[in-house]
Amino acid sequence: ISVRKVLTAFDERGAELVTNGTFDTNSNWSSTATLTISGGTATLAGADGPDPYFVSDSFAVVAGQVYEISADIVSAGGTPFNNNYIRLKQAGSGFGGAVGVNVSTSVTGNQRAIVTIPAGWTSAEVAVQRGGNPVPPTTTLEVDNVSVKKVLYPNLVTNGTFDTDSDWTKGTGWSIGSGVATIAAGTSGVSFLKQDLTATAANKWYKLTYYVPRFDGGMVRPYLDAVG
């Protein structure tokens with residue numbers, strides 16, 4: 001019996017960058033709306049708008065590096081005009097260029113996103129936003145465990161989960177669909193499914209992992225090779 005996570009970035013993360021992301025005290029957060037921090041959660045409520053949000057103290061980030069944003073949506077009442085958001089924005093700036101996750105107004109539970117810090121950023125704030133533009137929402141949004149950590153070993157492969165039929169060069173017989181890449185039965189000879197990686201360097205260690213949900217014969221041989 002085996003339980004494992006597959007086709008993800010390595011699990012290692014850096015130190016927590018958000019202060020009081022568990023909302024144990026009424027501190028380190030500011031808001032454009034009616035924000036209540038109590039009982040270990042933060043709640044936006046009332047007819048504030050449009051797009052009310054609360055934002056953390058700023059913290060240092062490195063442009064071009066990869067970070068993980070995570071938060072628990074405890075409750076999200078009603079149906080505002082558009083989605084709720086958990087995003088990183090450049091410290092002291094608006095939401096232009098912000099990166100993160102859009103959350104359907106009916107969704108609760110843990111929400112997370114892996115993002116790359118845009119060029120020019122040296123510090124960031126994490127913002128939790130209750131969607132409502134252009135209609136001021138009258139619903140509540142309750143959040144806990146807001147976290148931002150640097151991904152120390154990001155996945156170098158794009159679309160390794162095969163969510164879309166993109167980013168891969170498919171040789172004879174290969175197809176992508178339903179979250180897997182498949183080579184057709186009876187395909188003769190060697191056929192490659194490949195992708196160029198741009199962020200590798202000589203004399204470094206790399207970990208290559210993959211999952212085979214079905215195997216009817218032949219040979220599977222993953223490897224790294226020079227481009228060209």
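Modeller: Start with one rule. Buried means under 20% relative accessible area, exposed means over 50%, and partly exposed lies in between. Keep in mind that this is a predicted model.

Colleague: Why is Lys170 called partly exposed?

Modeller: Its relative accessibility is 34%.

Colleague: What makes Lys170 and Asp165 a salt bridge?

Modeller: The rule asks for a side-chain nitrogen of Lys or Arg within 4 Å of a carboxyl oxygen of Asp or Glu. Here the closest N and O atoms are 2.7 Å apart. Asp165 is partly exposed as well, with a relative accessible area of 48%.

Colleague: How many salt bridges does this rule give?

Modeller: The count comes to five. One of them joins Glu68 and Arg112, with the closest N and O atoms 2.9 Å apart. Glu68 lies in strand S6 and Arg112 in strand S9, so this pair ties together parts that are 44 residues apart in sequence.

Colleague: Is Glu68 buried or exposed?

Modeller: Buried: its relative accessibility is 11%, and the limit is under 20%. Arg112 is partly exposed, at 46%.

Colleague: What about the salt bridge of Arg214, and which residue is its partner?

Modeller: The partner is Asp216, and the N to O distance is 2.9 Å. Arg214 has a relative accessible area of 67% and is exposed. Asp216 is exposed too, at 65%. Elsewhere, salt bridges that share partners join Arg13, Glu68 and Arg112 into one network.

Colleague: How do you know that Glu125 is buried?

Modeller: Its relative accessible area is 13%. Glu125 lies in strand S10. A polar contact of 2.7 Å joins the side chains of Glu125 and Lys89. Beyond its neighbours within four places in sequence, Glu125 also contacts other residues, including Val55, Phe59 and Gly92.

Colleague: What makes a set of residues a nonpolar core?

Modeller: The members are buried nonpolar residues joined through side-chain atoms within 4.5 Å. The largest core here has 31 residues. Trp29, Phe54, Phe59, Leu88, Val126, Val146 and Val148 touch the most other members. Several strands each supply at least two residues, among them S3 (41-44), S7 (84-90) and S11 (141-150). The largest share, five residues, comes from S6.

Colleague: Which residues does Val126 touch?

Modeller: Among them are Trp29, Phe54, Phe59, Leu88, Val146 and Val148, with residues up to four places away in sequence not counted. In soluble globular proteins, nonpolar side chains tend to be buried together.

Colleague: Why can Tyr210 be part of a surface patch?

Modeller: A patch needs residues with over 30% relative accessible area. Tyr210 has 46% and counts as partly exposed, so it passes that cut-off. The place of Tyr210 is in the segment after strand S15 (193-194). The patch covers about 730 Å². Its members include Leu156, Tyr206, Phe215 and Leu224.

Colleague: How many helices and strands does the protein chain have?

Modeller: Zero helices and 15 strands. Of its 228 residues, 31% count as buried. The chain exposes about 13500 Å², and carbon and sulfur atoms supply 50% of that.

Key:
Residues numbered from 1 in each chain as written. Predicted model: local features only at pLDDT ≥ 70, side-chain atom pairs only at ≥ 80, totals over all residues. Heavy atoms only, no water. Patch = residues over 30% accessible without salt bridge, like charges linked within 9 Å, V, L, I, M, F, W, Y side chains within 5 Å. Areas by Shrake-Rupley, 256 points an atom, 1.4 Å probe, with all protein chains shown as cover. Helix = DSSP H or I, 4+ residues; strand = E, 2+ residues; numbered from the N terminus. Buried < 20%, exposed > 50% of the residue type's maximum accessible area, 1.4 Å probe, protein only. Contact = heavy atoms within 4.5 Å. Polar contact = N/O pair within 3.5 Å; in protein donor to acceptor, adjacent residues only side chain to side chain.
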